[in-house]
Amino acid sequence: MWLLLPALACGGAELNQARVADAQSSVRAAEAVGGNEQPKAALHLQLARDEIAEARRLANDGDGAGANMMLDRAKVDAELALQLARTEQEQQKARQAWQKIQELKQEQP
Amino acid sequence: MKTSTLYLGASGLVLSCVACGASAPTPELMTARNVYSQARSSEAVLLNPKGVHEAEKALAIAEAAHKDDAGSATERNYAYIATRRSELAMAQASEALAHKEQQRAAADYQAGLQRDAQQKARESTQYAQQLNQTQQALQENNQELQQREQKVAELQAAADKAQQQLKQLEAVREEEGRLIISLSGVLFESGGDKLTSSSESRLDTVAQALAAYPDRSIVVEGHTDDRGSDATNQQLSQKRAESVRSYLQQRGVPPEQMRAVGRGESQPIASNDTAEGRANNRRVEVIVEPAPGERRTGAIAPSAAPQTQDETPGLPQGRSAQNVR
């Protein structure tokens, strides 16, 4: 009991490392599919990174609940960044496919 | 059905909270309501109902937090998450749409390629058929040409041979571009115009030789000695010339190429005082006229215009002032 006191006294709170890792994993997944190159995805990626950092800061300040909420936000921002990047890729493929059809129609008499 | 019920439930929740008006929602909650509403009216409802439901759950928690403790961190946090979940649901639906578009485009492209390939195959078949027909026509033309060349060569050889024979059998001479084949001796039965069997054989050789001159005019001239009246001789020579012409026609010489002329006794080539001379004067001459380009001036005098078979019979043929030598 006495051993816990110094920790509480300095205001620190334990951060759920599994949730941090989960959020970071989502950030890396979004980066891997080109999230940094797509403006809207890049915005949410940056938000996710900032939110992870904010979660750490809040945990350090002893606000465990706030830190967990930040991790929730980081997780959903990273997921959104990943999805936006994938959507953009798929739309790009669709545009290319229609472009090929146009080219084929031009080639045909 | 279950999802629709949930949507309706969420809408009711939103309306009831607005109605209570206890305190103004946070900007995060207002944004969450707005974005969720967009998601509800987007294709995400059909394409990604699960994603919309996730947003709805987050919004419901935010609304509940707002009701319990307006402006709380929980309200703000779940409103934020609800906003993101709504955006996520729409982005997932957009990806699904894009994927469908891509598949449709790929199918269209394949169909286009197939049409293209079929069109090219049809064209290729047509070209091949045309080529085949052209080659066949060319081959037939070549065969026909070879046959014609062979036929020409055969005709030429036969004509050459016939000419050689003719030169051996008959008197052949050239005068001013005209080839004159003179057939004398016993050609006709006495006093008439019927050919003897031996003369037919001689005329066969003449007909073969004439095949070498398909583009020349041919004049068959009949001549007599001076025995008998002029009129009788004129008539006899005409008949005999026509008899020879008719026989040559039977042996393949085109009728339009020939004309028959009776000269009577007007053009003797020997004295009529001796039997031998008279025999020589009784003759038929087959004359091959020069080709138009080869005709020399005066080769055939206009005054010597012969009586043809088309001329009116009964006139004093061969006895006009022009025809008397």
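This is a predicted model: local features need pLDDT of at least 70, side-chain atom pairs count only at pLDDT 80 or more; totals for chains, interfaces and linings use all residues.
The expected span of a helix is 1.5 Å times one less than its number of residues. Helices (H or I, at least four residues) and strands (E, at least two) are DSSP runs, numbered from the N terminus.

Residues are numbered from 1 along each chain as its sequence is written, while chains are lettered from A and ligands numbered from 1 in the order in which they are written.

**View 1. Getting to know the two chains.**
Chain A has four helices and zero strands, so to speak a plain α-α-α-α when you read along the sequence. Chain B has eight helices and five strands, and its pattern runs α-α-α-α-α-β-β-α-β-α-β-α-β. A residue is called buried if 20 or more other C-beta atoms lie within 10 Å of its own, exposed if 12 or fewer, and partly exposed in between, with C-beta atoms placed from the backbone. By that count, buried residues make up 35% of the 109 residues in chain A and 31% of the 325 residues in chain B. Two residues are in contact if their C-beta atoms, again placed from the backbone, lie within 7 Å. Take the contacts in chain A with a separation of 6 or more: 73% of them join residues 24 or more positions apart. In chain B, the corresponding figure is 76%.

**View 2. Helix α2 of chain A, from its buried side to its exposed face.**
This helix covers residues 17-32, and its 16 residues reach 22 Å from first C-alpha to last, close to the 22 Å expected at 1.5 Å a residue. Look for A:A23, A:S26, A:V27 and A:A30, which are buried. They sit on the same side of α2(A) because they cover an arc of only 100° around the axis, taking the arc from the directions that run from the helix axis to the C-beta atoms. An α-helix has 3.6 residues a turn, so residues three or four places apart point the same way. Among the elements covering the buried residues are α3 (39-60) and α4 (64-107) of chain A. Turned away from the buried side is a face with the exposed residues A:Q17, A:A18, A:A21, A:S25, A:R28 and A:A32. Just after the helix, A:G34 takes a positive phi of about 90°.

**View 3. The largest nonpolar core.**
A nonpolar core is a set of buried Ala, Val, Leu, Ile, Met, Phe, Trp, Tyr and Cys residues joined through C-beta atoms within 7 Å. Which residues touch the most other members of the largest one? Out of 45 residues, they are A:A48, A:A78, A:A81, B:A62 and B:A82. At least two residues each come from α2, α3 and α4 of chain A and from α2 (27-40), α4 (49-68) and α5 (73-169) of chain B. The most comes from α4(A), with 12 residues. There is also a second, separate core of 23 residues, which includes B:L195, B:V220, B:V284 and B:V286.

The 20 residues of α4(B) should span 28 Å at 1.5 Å a residue, and the end C-alpha atoms are 28 Å apart, which agrees. Leaving out residues up to four places away in sequence, B:A62 touches B:L29, B:A32, B:E75, B:Y78, B:A79 and B:A82.

**View 4. B:E95 and the meeting of the chains.**
The contact between the chains takes 23 residues from chain A and 23 residues from chain B. On the chain A side there are nine nonpolar, five polar and nine charged residues; here Ala, Val, Leu, Ile, Met, Phe, Trp, Tyr, Cys and Pro count as nonpolar, Asp, Glu, Lys and Arg as charged, and the others, Gly among them, as polar. Now find B:E95 in helix α5 of chain B. Is B:E95 buried or exposed? It counts as buried, because it has 21 C-beta neighbours inside 10 Å. Setting aside neighbours within four places in sequence, B:E95 is in contact with A:Q83, A:R86, A:T87 and A:E90.

Chain A averages a pLDDT of 88; within it, the mean is lowest in helix α1 (residues 4-9), at 40, and highest in α3(A), at 96. For chain B the mean pLDDT is 82. Residues 1-20 of chain B stay under 50, and residues 296-325 are below 50.

Notes
pLDDT is the predictor's confidence in each residue, from 0 to 100.
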